[in-house]
Amino acid sequence: MTTIAVFKWAMDPHDERVGVDGNVKWTANKPVAGDDDHAVVKVACDIAADGEVVGLTMAGGDTAFAAARGAKRTIAIEGVDPLAQPMELAGALARAIESQEGVDAVVIGDCAWQPMVPSLVASMLGWPCVLAVDDARKEVGSLVVTRRFASGTQDVQVDCPAVVAVAARREEENKPGMRAILQARKLPVENVAGDATGFKRFESQGTHAPETAPARIFDGSDPETAVAQLISALAAEGVM
Amino acid sequence: MESIWAVVAEGMSAAAVVGVAQRSGLPVEAYVFGDSELANRVASYGVSHVHWWSDEQTLPETLAMSLASRAKEDMPTAVVSSDQATSRVLLGAIAVVVDAAVAHGIISVAPSDGGVKVERYVADAEAVEVLCAPGPVVCTIADGVAEAEPAATPAPIEEMEPEQNGSIKVLSTNEEGEGANGLQDAERVVGVGLGVGSKENVALAQQLADAIGAEVACTLPLCDNYHWFEHNRVVGTSTQKISPRLYLSFGSSGAPQHMTGVRAAKVIVAVNTDPEAPIFRECTYGIVGDVSKVLPAFIQAVSK
């Protein structure tokens, strides 16, 4: 059976700028590895155990991210606008996943950059979906998934095939070394044409300035006076 | 008749979700997954109708396709919810079934010229982008939007039959620790970031929190790199979101990963030596000053 690990599929919104003409512009032109992607590959390897992990990416260039962390091969989706909207991104991913045989789980980052895409992919595939996942393991015909729940965690059993969206709690502790990366670059990469067409989309009508009130800033060079002014303001707000 | 759906699967953002839906000017149909207290609270916000599933009997995720089928029949103009995990599973199913345009982090939605117009922050909230779609839209709301106010007459609540499709079931629920629970419910939170500088200042932050009846939170590096806090005290993108009435931040620059966790606070106060720190663009009040001098002054002032 095959477990798919989706990586480098979303644009980093910190590369988003507003130009002098009021239009949104980007300083980058391709998806980058997200904060959750290293945990995605780890969870995919945990689920697969002795099975195959396949990396799936929407980024060009270096596609060895998953292979350097345990994937046996990688599929690179080409030709999809990196600024595609959530339904289009999910559609391109779902169509690429459907073209693979014997997939029992798709692991993807529960990405704050594109928070709707994992559940859209699941819905397009008609599979159950669990978000905010810490880890997962395979059992016969199902996955046992630990997800965040209120202030704690919850273990749920979900039938396979399923979509599991992982939210990393920490940065990657043991990054692959140069030797592992160079070896990963020798593993097979299949380039496939992406299809993100046929979905309703928003059209941008431009931007305007936010209507938020500016912050009231006190000079802290005299801490006692600044704190007194602040406490007075907070009392007026009814929060102190 | 045109309507907007407000999908509520957790209490923290219920008023904000209904608030965005109400400002569309359309009648609000609320779909609530939780306990009876949550259903009653949503009913008090001036919605037209509350459809309520008790989460003691139904795992909300198992209702995703059923809810989507209902949306296909009703064809609401828009469906809005928070970005909480359960809500997003429900929204994903609805969006695909009704063939909607999807956006996240919106601050408003309204019908416009036969379509739907939404607004959302872009470029770290430096601007608001206006988006239009021809058909139904499915959106998560941004943190910190204005909340719905209680109405004079509560809406009728229709308790829905429990359903299970068996594809997902709960095996066990584990509480991680009392600290996180305290943070989730706290009215006031004192947060510390890397700029707090020393463990002595962390102790002062704890002293201030004790003096004003607050919980203490931190940014991720103070837990991961310095090990000054347990993980359940971290607030931010990959950990937890909080919504106190007052969030006092000491020595945090305002990195997006942290601000995502506190943006739902009613009032944010920032103390930082750097007047250009991004947090001063997001706070309500700020003090440009040295944390090690402001904290003792704060403790002294509130202890009087």
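Colleague: How many residue pairs are in polar contact across the interface of chain B and chain A?

Modeller: Please keep in mind that this is a predicted model. The rule asks for both residues at pLDDT 80 or more. Across the interface of chain B and chain A, the number of residue pairs in polar contact is 28.

Colleague: Which element gives the largest share of the side of chain B that touches chain A?

Modeller: Sorted by class, that side of chain B has 19 polar and 15 charged residues, next to 47 nonpolar ones. The element with the largest share supplies 8 residues and spans residues 85–98. In chain B, that is helix α4.

Colleague: Which residue of chain A forms a salt bridge with B:Arg88?

Modeller: Between chain B and chain A the count is 5 salt bridges. In the one formed by B:Arg88, the closest N and O atoms are 2.6 Å apart. The partner is A:Asp110.

Colleague: How much area do chain B and chain A bury between them?

Modeller: The contact involves 81 residues of chain B and 70 residues of chain A. Of the buried area, 61% is on carbon and sulfur atoms. B:Arg88, B:Val102 and B:Tyr285 supply 11% of what chain B buries against chain A, more than any other three residues. The area buried between the chains is about 6,400 Å².

Colleague: Which residue stands opposite A:Arg216?

Modeller: Strand β13 of chain A (residues 216–219) runs parallel to strand β15 of chain B (residues 285–288), and 4 bridges join them. The residue opposite A:Arg216 lies in β15(B). That residue is B:Tyr285.

Colleague: Which are the edge strands of the open sheet of 10 strands?

Modeller: The order is β12(A)-β7(B)-β6(B)-β5(B)-β8(B)-β4(B)-β1(B)-β2(B)-β3(B)-β9(B), with mixed pairing. Each edge strand pairs on one side only. They are β12 (203–208) of chain A and β9 (157–159) of chain B.

Colleague: What is the bridge partner of B:Val122 in β7(B)?

Modeller: Strands β6 (residues 115–122) and β7 (residues 127–133) of chain B run antiparallel, joined by 7 bridges. For B:Val122, the bridge partner in β7(B) is B:Ala127.

Colleague: What angle does the direction of helix α2 of chain B make with that of β2(B)?

Modeller: Helix α2 (residues 36–43) packs on the sheet, where it touches β1, β2, β3 and β9 of chain B. The direction of helix α2 makes an angle with that of β2(B) of about 165 degrees.

Note on methods: Residues are numbered from 1 along each chain as its sequence is written. Chains are lettered from A and ligands numbered from 1 in the order in which they are written. This is a predicted model: local features need pLDDT of at least 70, side-chain atom pairs count only at pLDDT 80 or more; totals for chains, interfaces and linings use all residues. Side-chain values use heavy atoms; hydrogens and water are left out. Contact means heavy atoms within 4.5 Å. Buried area is the accessible area (1.4 Å probe) that two parts lose on being put together, summed over both. A salt bridge is a side-chain nitrogen of Lys or Arg within 4 Å of a carboxyl oxygen of Asp or Glu. A polar contact is a pair of N or O atoms within 3.5 Å; within protein, one must be able to donate a hydrogen and the other to accept it, and residues adjacent in sequence count only if both atoms are side-chain atoms. Helices (H or I, at least four residues) and strands (E, at least two) are DSSP runs, numbered from the N terminus. Ala, Val, Leu, Ile, Met, Phe, Trp, Tyr, Cys and Pro count as nonpolar, Asp, Glu, Lys and Arg as charged, and the others, Gly among them, as polar. Two strands pair if DSSP finds at least two bridges between them. Axes are lines fitted to C-alpha atoms, for helices over the stretch in contact, and angles run from 0 to 180 degrees between N-to-C directions.
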